[in-house]
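Work through the exercises below with the sequence and the three-dimensional structure at hand, and try each task before you read its solution.

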Amino acid sequence: MSEKIALGFCNNVDYEILWSRAVLEDLVILYQIRPGELQTRCQIQSERDLLVSILGFMRRAEGGERFVLDSALIERFAARFEKNITLGGTSVRAAIAMRKLGQRSALHLITQNDHVRRLIPSDSPYVCSNSSDSVYPHLIVQYGAGDRICAGEIDIRARRSNRLIFHCNADRIAMRLAPDFADLIAGAEVLLISGFNAMQDQRLLAERLATVSLMLAKLPGGAKVFLEDGGYFDPRFRQELYRTLGRRVSVYSMNEDELQEHLKRRIELSDAAQVRTALDELHRIIPAAAIVLHTEHWALAHGAGASEFAGALKAGVTMATTRFRYGDGFTVANYREIENRAPSSENTEFAMAINSMGGGDLYCVPVAEVEQAKATTIGLGDAFVGGFLPALLS
């Protein structure tokens with residue numbers, strides 16, 4: 001193939017609901033939600049459970065991804081709100097982002113339908129492991145800094161913007177792989193691996209990763225493998241990725257929520273020494289050549305020769321911040337504007353503290369300062385990937 005970037009392995013349809021304080025407060029009253037019930041790791045079997053989870057995340061000002069019992073629950077809840085229908089999945093969102101800057105990519109899809117055919121980059125070659133149409137929508141909830149829910153006994157104000165993903169996606173649970181993708185990656189210099197986090201059967205996951213390992217053998221010598229983490233249905237399944245793919249992975253990438261899930265503790269992200277300790281600990285677990293951590297304030301690489309990722313980190317945070325500021329409709333001019341914006345003094349100081357630690361195994365890039373009342377919070381990690389990957393090309 002002519003594309004130097006190949007993106008796997010999943011895609012989906014997103015229902016991005018528009019935040020409505022009135023609708024959510026009415027539901028708090030309807031279901032008589034109490035503060036002591038709020039949590040982020042409840043089983044979501046009803047609309048009430050879904051609301052408890054949303055409010056639990058909002059109270060903690062965190063983002064996350066959770067499984068629900070039935071896709072019909074998502075349809076019913078989303079019907080209460082205005083919504084936008086978009087494409088989800090790290091691979092597809094990254095493809096859309098990088099295409100705006102002129103970079104094409106080849107894709108592995110697991111779902112096809114009219115939304116996919118309408119919204120996918122028209123000149124992206126792809127294979128799909130599903131021969132028939134299917135739609136298992138993901139519910140996307142975005143709340144902004146300062147958003148408040150005050151009803152009954154509930155009074156919550158979000159300290160920062162974040163996003164939540166809820167789904168019951170049979171295609172992602174099965175994660176069928178198309179053997180033809182091996183032909184599409186035969187000339188790739190960069191391969192993205194993502195999307196296995198929704199799987200629920202460890203035996204089936206092992207089979208799928210064995211297939212991926214065979215595909216990796218088709219890559220040209222020197223090709224880089226980038227693995228993006230995610231919110232796992234079963235966090236223990238990450239270990240299967242370490243064992244099977246870890247030593248072939250050039251970059252293992254994640255956000256701050258995923259870092260804290262790995263380490264099972266809170267990390268003070270403004271404390272450079274604490275972040276360094278966390279990454280040292282994580283790298284003893286994950287055998288990838290480099291670990292990349294991306295947050296709303298900065299992004300960094302941890303591993304030998306970390307400064308070699310300086311350009312990729314800068315491109316990644318620029319793409320993510322551009323999407324944060326301008327949403328799906330951003331332009332090349334918007335990207336260039338963000339590229340030239342200065343970071344805040346706090347972000348700069350943190351990056352300087354990280355980069356002064358020595359050893360050559362840490363390099364940090366601060367994020368540009370942007371004020372945005374109603375920002376886009378979904379897909380920022382995917383946009384980061386879309387900026388980062390082209391910068392890895394030789």
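**Exercise 1.** List the residues through which α12 and α15 meet, and then describe how the two helices cross.

*Solution.* Begin with the contacts, where contact means heavy atoms within 4.5 Å: on the side of α12 they involve Ala312, Leu313, Ala315, Gly316, Val317, Met319, Ala320, Arg323 and Phe324, and on the side of α15 they involve Leu380, Ala383, Phe384, Gly386, Gly387 and Phe388. Sorted by class, this contact has eleven nonpolar, three polar and one charged residues, where Ala, Val, Leu, Ile, Met, Phe, Trp, Tyr, Cys and Pro count as nonpolar, Asp, Glu, Lys and Arg as charged, and the others, Gly among them, as polar.

Next take the axes, which are lines fitted to C-alpha atoms, for helices over the stretch in contact, with angles running from 0 to 180 degrees between N-to-C directions. The axes of α12 (residues 310-326) and α15 (residues 380-388) come within 7 Å and cross at roughly 140°. Therefore α12 is oblique to α15, given that angles under 35 degrees count as roughly parallel, over 145 as roughly antiparallel, 65 to 115 as roughly perpendicular and the rest as oblique.

The model is a predicted one, in which local features need pLDDT of at least 70 and side-chain atom pairs count only at pLDDT 80 or more, while totals for chains, interfaces and linings use all residues. Residues are numbered from 1 along each chain as its sequence is written, and side-chain values use heavy atoms, with hydrogens and water left out.

**Exercise 2.** Find the strand order of the open sheet of five strands and name its edge strands.

*Solution.* The order is β3-β10-β7-β2-β4, and the pairing is mixed, where two strands pair if DSSP finds at least two bridges between them. The edge strands, each pairing on one side only, are β3 (64-67) and β4 (83-88). Within the sheet, β7 (residues 138-143) and β10 (residues 162-167) pair in the antiparallel sense over five bridges, and isoleucine 140 has isoleucine 165 in β10 as its bridge partner. Finally, look for the helices: α3 (residues 71-78) lies across β2 (12-17), β4, β7 and β10 and runs at about 30° to β2, whereas α4 (residues 90-100) lies across β2 and β4 and runs at about 95° to β4.

Note on methods. Helix = DSSP H or I, 4+ residues; strand = E, 2+ residues; numbered from the N terminus.
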